[in-house]
Amino acid sequence: MTTLPDPARFAHVTDWVFDLDNTLYPHHSNLFSQIDVKMTAYVGELLSLPRDDARKLQKELYREYGTTLNGLMTRHGIDPDDFLEKVHDIDYSWLVPDPVLGTAIRQLPGRKFIFTNGDRRHAERTARQLGILDHFDDIFDIVAAGLNPKPARQTYEKFAALHAVTGHNAVMFEDLARNLSVPKSLGMTTVLIVPRNFEPTFSEIWERDAAEEDDVDFVTDDLATFLTTIVGRE
């Protein structure tokens, strides 16, 4: 079940860190499905594979290397810029602007960051379509991470060092529980974003991360309401 927060549990937070895909926009918008299809097509074209084989390999790379990009770079030495440009060539109009979320993020006390395994251009386009881009202090993307994706510990440490983020004073919002394990170990409060009513419209069984449930402090299927509850404190 989803849990609304006790605002007092967030009174100490000065840094608010948000994943992008399926976190800042709802899972049911299905935006990431466009990227997923583009990644399958990229793998197929690169290796001359039929679609089903390309998709199977894409998911294998994702599981083994953290991102499809990381796997393709490691195994096939691809150009990351070419990959990122092609897989993010999508229709952002699928996203509906979210003024309630924007107001809640703007009212959060302290700094706000987007921390994504995607690239900055994709993050900017997504946040702009949602109407929330101007509320963030910075975007830490896969390029800033040295192309080393979450959940690699050194990537979180690089983000924290760059922005002088102290774990105890930070909260991390993510749609993948495995990406909350390191933030939890660094002292961050952790919030898992799940699909509405826990009914995923486009996900894989192996993405559910039951083994990392102990690293999750809060669960919600409605980020805007969750944040509105926090900023509603006196």
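The following questions and answers concern a predicted model.

Modeller: Residues are numbered from 1 along each chain as its sequence is written. In this predicted model local features need pLDDT of at least 70, side-chain atom pairs count only at pLDDT 80 or more, totals for chains, interfaces and linings use all residues, and side-chain values use heavy atoms, with hydrogens and water left out.

Biologist: At what angle do helix α3 and helix α4 pack?

Modeller: Two packed helices are described by the angle between their axes and the distance between the axes. Helices are DSSP runs of H or I with at least four residues, strands are runs of E with at least two, and both are numbered from the N terminus. Axes are lines fitted to C-alpha atoms, for helices over the stretch in contact, and angles run from 0 to 180 degrees between N-to-C directions. For α3 (residues 68–76) and α4 (residues 80–87) the axes are 10 Å apart and the angle is about 145°.

Biologist: Which residues in α4 do T68, L69, L72 and M73 meet?

Modeller: Contact means heavy atoms within 4.5 Å. On the α3 side the residues are T68, L69, L72 and M73, and their partners in α4 are P80, F83 and L84.

Biologist: Why is the pair of F10 and F218 tilted?

Modeller: Rings of Phe, Tyr and Trp (its six-membered ring) pair if their centres lie within 6.5 Å; planes under 30 degrees apart count as stacked, over 60 as edge-to-face and the rest as tilted. The structure holds 13 aromatic pairs. The ring centres of F10 and F218 are 5.2 Å apart and the planes stand at 40°, so this pair is tilted.

Biologist: How many residues apart in sequence are the parts that this pair ties together?

Modeller: F10 lies in the segment before β1 (15–18), and F218 is in strand β6 (residues 218–220). The pair therefore ties together parts separated in sequence by 208 residues.

Biologist: Where is the cis peptide bond with P151?

Modeller: P151 is found in the loop between β3 (138–140) and α7 (153–163). With omega of about 15°, the cis bond joins K150 and P151.
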